[in-house]
Every structure is written in structure tokens, then in C-alpha cells.
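Q: Hi! Could you walk me through this model while I have it open? I'd like to start with the charged contacts.

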Amino acid sequence: MKQTDDASRDTDAPDRTETSQRQETSQRQETSQRQETSQRTDAQRNRERILAVALTELARDAGTPLSTIAKKACVGQGTLYRHFPNREALVVELYRQEMRQVADAARELLETLPPRRALREWMDRLAGYCMTKASLAEAIRQVTSRPGGTLPGHSSITEAIELLLRANEEAGTIRPGTTPDDFALAISGLWQIAPDEEWEQRAGRLLDLVMRGLSADGRQD
């Protein structure tokens, strides 16, 4: 009987060892996955913090050094360069992010306002963006004027304009056949307005003229 019990214990030992090894492997994998998730979360937070600081600093001064941005974002320069290998990459990402926010506003406005008012409100927001982000625009100009400098297309803004124009056409509030290119040309004067204390009044007068030209009945409101 004793021999039988000994043999049984000997047979069970490898099973217990294998089970223990599987448990240890599973625990190591879970620990590794948690660490990777934590690292990705930290990296995303660093990236978002860098972008937030860069937006503020570059809007204040187009020539702000990347070292200053890294310091104010509380990250090392190595961390900044891992996310954005050069100044161009950082500025282009800021541009893409800002343009997406401006574009998204078109759909939001159409959900809450009549088409004519949504169009004018969106135009006012675009004007405000142009004026308050003048230094950021200068940073973009500096980057894109270099040899090989690139900038993402204006596809999101074009889509927003198309959405607003078509909604107004369907409502009969603007002349039919106006294209996004027509609209962009009509408001291009916004980029010629100096961001001084009178910009809001000048932009308002320009957009009144644009709305009057677009409107099917000649109204500007």
C-alpha cells in the first residue's frame, strides 16, 4: 500500500510543477501587459501635454525653442523628440489638430442652428481662429517655407465648407452652385487682416460682404 501511495505522489509531482509553471508564466504575461498599458498611457499623456504647451507657447511666440516647450511640459527633450522628431512634425500636428476642431464645429452648429446662422457663426469662429492663432500661423509659415517643408491638406476644412454650403443650398438661403473653392477665395481676405485691436470689426465687415454675396436674397445676417 505504501508503495502505491509513493508512486501516486511521484506521478502527481510533475503535474503540480507544470501547473505552477503555467501560473507563473501567466502572471508574468499579465504583469508585462499591465506595464505596457501603463507605458502607453504615460506616453499618450506626455504627447497630449506637449501639444497643449506647444499650442500656448507657439501662439504667443512663433520662435519658441523646443527646449522651452519640453521644460514647460515637464518632459525631457528626448521624450519630446520621440513623439515629434523635429519642429516641423510638432507644428504640422498642431495645425492638423486645430483644423480638425474648426472643421468639427460645422456639424455641431448645423445640429443646433438654422443653416444661415450656422454658416455665419462658423465663419466668425474661423476668423477668431485666424486672429488669435496669428503666431501659430507664423510658425506654420516658417516650417512650410523651408525646402521640403510640408503641410497636411485642407481636406477637413473643405469638407466642413461643403457641408455648410449644401445645407444652405437645400434651405434656399444661398445662391446655388457655390463651391468650397469659391467660398475659400471669398474669405481669403481674413488672412490679410492684422491681429490688432480692430481685427474683429474689420473681419465682421468682410464677412458681412461675403454673406451678402452668397445669400439668395442679398441678406447679410
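Q: What do the side chains of Glu 57 and Lys 72 do?
A: They meet in a salt bridge, at 3.4 Å from N to O. The term stands for a side-chain nitrogen of Lys or Arg within 4 Å of a carboxyl oxygen of Asp or Glu. Keep in mind that this is a predicted model, where local features need pLDDT of at least 70, side-chain atom pairs count only at pLDDT 80 or more, and totals for chains, interfaces and linings use all residues. Residues are numbered from 1 along each chain as its sequence is written, and side-chain values use heavy atoms, with hydrogens and water left out.

Q: Which helices do Glu 57 and Lys 72 lie in?
A: Glu 57 lies in helix α1 and Lys 72 in helix α2, so the pair ties together parts that are 15 residues apart in sequence. Helices here are DSSP runs (H or I, at least four residues), as are strands (E, at least two), numbered from the N terminus.

Q: Is Glu 57 buried or exposed? And Lys 72?
A: Glu 57 is buried, with a relative accessible area of 9%, while Lys 72 is partly exposed at 48%. Buried means under 20% relative accessible area, exposed over 50%, and partly exposed in between (1.4 Å probe, protein chains only).

Q: How many salt bridges does a search of the whole structure find?
A: The search finds 11. One of them joins Arg 100 and Asp 104, at 3.2 Å from N to O. These two are 4 residues apart in helix α4, so about one helical turn separates them. Arg 166 and Glu 162 also meet in a salt bridge, at 2.6 Å, and both lie in helix α7, again 4 residues apart. Salt bridges that share partners also join Arg 47, Glu 93 and Arg 96 into one network.

Q: Switching to aromatics: how many pairs are there?
A: The count comes to 1 aromatic pair. Trp 122 and Phe 183 have ring centres 6.4 Å apart and planes at 45°, so the pair is tilted. The rule pairs rings of Phe, Tyr and Trp (its six-membered ring) if their centres lie within 6.5 Å; planes under 30 degrees apart count as stacked, over 60 as edge-to-face and the rest as tilted.

Q: Where do Trp 122 and Phe 183 lie?
A: Trp 122 is in helix α5 (residues 115–132) and Phe 183 in helix α8 (residues 180–186), so the pair ties together parts 61 residues apart in sequence. Both residues are buried.

Q: What else is Phe 183 in contact with?
A: Leaving aside neighbours within four places in sequence, its contacts (heavy atoms within 4.5 Å) include Leu 119, Met 123, Ile 161, Leu 165 and Leu 214.

Q: And what does Val 102 touch?
A: Val 102, in helix α4, touches Trp 122, Leu 126, Tyr 129 and Ile 157, not counting residues up to four places away in sequence. At 11% relative accessibility, Val 102 counts as buried.

Q: Last topic: where is confidence lowest, and where is it highest?
A: The lowest is helix α6 (residues 134–144), with a mean pLDDT of 68, and the highest is helix α2 (residues 66–72), at 95. pLDDT is the predictor's confidence in each residue, from 0 to 100. The protein averages 82, and 76% of the residues score at least 70. Where pLDDT is low, the predicted coordinates should not be read in detail.
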